[in-house]
Amino acid sequence: MELDKKFDHRLDRGLDRRDFLKGSVAIGGLTALAGLAACAPSDGNDANLDGDAQLQAPEASFETPPEPIADSAITETVEADVVVVGSGDAGIMAALAAVETGARVVMIDKHEFFMAHGLANACINTKIHKEAGITLDPQKIISYLIEQSGNQANQQLLWLWANKSGEVYDHLLELVSDKGITAIPMGSSNPDDVMYPEFDAALLFVGDTEYEMDEAIGHSPQTVLLGAIVDKIQSEGCTAYYQTTAEQLVRNPDGRVDAVIARTASGDYTKFTAAKAVVLATGDYGNNPEMVEKWCPWAALADVNLYAPPINTGDGHKMALWIGAGMQLEPHCPALHPNTGPSGDPPFSASPVLRVNALGERYENEEMPAPYVCTSRIRQPENKAWAIVDANYAEDAPRGSAGLLRTTAVDDAGRELLESVALKADSIPALASAMGVPADTLEKTVARYTELAKAGRDEDFGKSPNNLWAIEQAPFYAIPVPVGFMNTLGGLRINTNMQVLDNTESAQPIPGLYAAGNVSGGLYGTVYPSAVSGINKGWSVTGGYLAGQHAANDN
Ligand SMILES: Cc1cc2nc3c(=O)[nH]c(=O)nc-3n(C[C@H](O)[C@H](O)[C@H](O)COP(=O)(O)OP(=O)(O)OC[C@H]3O[C@@H](n4cnc5c(N)ncnc54)[C@H](O)[C@@H]3O)c2cc1C
């Protein structure tokens, strides 16, 4: 029943999406008026609104622009050329690029420290790739990304990433080399897969860092890179204001964004003025349930939200919408991965082994790449699935195709982890009972699968013979297939100069406002693309750097 409610809810959201598009027009109307009259967010009750706009009152609380923060509430003003809001992958890189131009730069963040997540940085043909003998064909990669987004991704932005990421990452590698930091290819890819290639674009930064990888910053190897860059920009004059939450953008009568008003830890307001530009790098909105429900309801079907602490609440999205920015028109997608965090990825959870649902039925060709394993799991009955292997799993594993989060070798630690997370039984009916699925169906499913494996031909779902393994040797294991939600992917419309575009039909750049990382939109379709693991970071870092350059050269 619970599941039915969720699905009904999603259908409702389809209607809301259309309503929201109308609502955003209304906001645009409000903002245009506000921009001309008061040059700050409107309260949404403007008496000058035309009839249509009044009928299309925004419904979600974040769609109502707040009262402008009064000058009298501001206790301090900090002057800069470039104000960067957010200090994750995108913000740190924006600050770096701006500092390199000689601009006066401040970076503000609501968190107590900068933020680092994950490890895979997708970039094209850096010197590290070349040294490793990896040649990436941008045309082929972009073709897959277009295909995997159903051509919903903005091809101009995809090519910007493809053309610039190598240059940007080579520059970063150069900058951090004196600290003994380098990068290595992730190497878990499957570039030769005929149907779902995963290209070897992702790099992992390695080296020492003085920063703790903990709850405060994130349990993330990315700390190695970001910590080194933060040290560098601070030593070159960029001041980082932590525990400082941006609440409103200030847009002047001429339409330019020239300040950010933020609340400090003491509760006072500081105005950060930007002589050149503001860069929004506030990340995604995955910890804002109202926004998730509005734009990305699939995210709520994951088992766990991996973004911790829960600081990304779509503040940049909101602030920009309030001053007339346009939201991407295409649907948003969640970044879902079949893992549940630092405690360890369950073996085989994204591997092409037999997967069954709560009915005990096989439901797909299990060769789906990691993110797609999630998109099918969350629509199974009861939102559950298990990977099924038998006692021969360690011998069978090397036969399976490689790829992100796939198990192709099982060592002692892997065996121990499997034993700790899997349900285990000496017969299929007993396994079914432990799983709570119908025993007769599971028996039939396993028997049929074994028959196909022995025949070496998957007549039911077309899986490759090397990924078909007989399941007949006790004990049998059922490993729950996890779905972790990392972040939402959907944001403000931007152009190739990383300028935020307004909500008019002609989508004009808003002077003085840039965005990068997950507050910006346009790079994805309805699912995180499997072809390029790490493109989220790769684009946040590359786009952040470019946004900082453009912002510093504005005016
Ligand atoms: C567990 C996990 C693992 C991941 N692994 C990978 C991976 O391996 N490869 C990959 O490509 N992607 C990965 N991702 C996704 C990737 O980390 C993000 O997409 C990327 O970091 C986005 O960068 P960003 O700068 O846009 O946002 P973030 O890094 O989230 O930074 C946003 C910053 O803005 C600050 N902020 C928010 N609101 C305000 C405000 N109002 N005022 C001031 N500051 C504000 C936040 O405090 C935060 O520090 C992972 C994500 C998670 C959660």
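The model is predicted: local features need pLDDT of at least 70, side-chain atom pairs count only at pLDDT 80 or more, and totals for chains, interfaces and linings use all residues. Residues are numbered from 1 along each chain as its sequence is written, and side-chain values use heavy atoms, with hydrogens and water left out.

The protein chain contains 15 helices and 18 strands. Both are DSSP runs numbered from the N terminus, with helices being H or I of at least four residues and strands E of at least two. Of the 555 residues in the protein chain, 57% are buried. Buried means under 20% relative accessible area, exposed means over 50%, and partly exposed is in between, with a 1.4 Å probe and protein chains only. The protein chain exposes about 21,700 Å², and carbon and sulfur atoms supply 50% of that area. Accessible areas come from the Shrake-Rupley method with a 1.4 Å probe; for residues, only the protein chains shown count as cover. Among contacts between residues at least 6 apart in sequence, 73% join residues at least 24 apart; contact means heavy atoms within 4.5 Å.

The ligand is surrounded by 36 residues, of which D89, D109, Y307, N536 and K537 are the closest. A residue is near a molecule or strand if one of its heavy atoms lies within 4 Å of it. By class, the shell around the ligand divides into 14 nonpolar, 17 polar and five charged residues. Here Ala, Val, Leu, Ile, Met, Phe, Trp, Tyr, Cys and Pro count as nonpolar, Asp, Glu, Lys and Arg as charged, and the others, Gly among them, as polar. Four elements each supply at least two residues of this shell: α3 (89-100), β7 (245-251), β16 (484-489) and α15 (535-552). Helix α15 gives the most, with four residues.

A polar backbone atom of A246 is 2.9 Å from a nitrogen atom of the ligand, and a polar backbone atom of K110 is 3.1 Å from a ligand nitrogen atom. An oxygen atom of the ligand lies 2.4 Å from a polar side-chain atom of Y307. The ligand taken alone exposes 1,000 Å², and the protein buries 95% of that.

The largest nonpolar core has 120 residues, and M93, W161, I229, L280 and L513 have the most contacts inside it. Such a core is a set of buried Ala, Val, Leu, Ile, Met, Phe, Trp, Tyr and Cys residues joined through side-chain atoms within 4.5 Å. Helix α6 (residues 155-176) gives the most to this core, with eleven residues. Leaving aside neighbours within four places in sequence, the contacts of W161 include I124, L145, V532 and W539. A second, separate core has 20 residues, including V353, A385, A397 and A422.

Two residues in loops are buried. S351, in the loop between β11 (333-337) and β12 (355-357), counts as buried because its relative accessible area is 1%. Beyond neighbours within four places in sequence, S351 is in contact with E366, L405, R406 and T407. L468 lies in the loop between α14 (439-455) and β15 (476-480) and has a relative accessible area of 2%, so L468 is buried. L468 and G456 are twelve residues apart in sequence and 7.2 Å apart in space, C-alpha to C-alpha.

The backbone features come last. Most residues other than glycine have a negative phi, and most peptide bonds are trans. The peptide bond from A308 to P309 is cis, with omega near -5 degrees, and P309 lies in the loop between β10 (304-305) and α9 (315-322). Another cis bond runs from A474 to P475, with omega near 0 degrees; P475 is in the loop between α14 and β15. N151 has a positive phi of about 55 degrees although it is not a glycine, and is partly exposed at 47% relative accessible area.

Methods:
A polar contact is a pair of N or O atoms within 3.5 Å; within protein, one must be able to donate a hydrogen and the other to accept it, and residues adjacent in sequence count only if both atoms are side-chain atoms.
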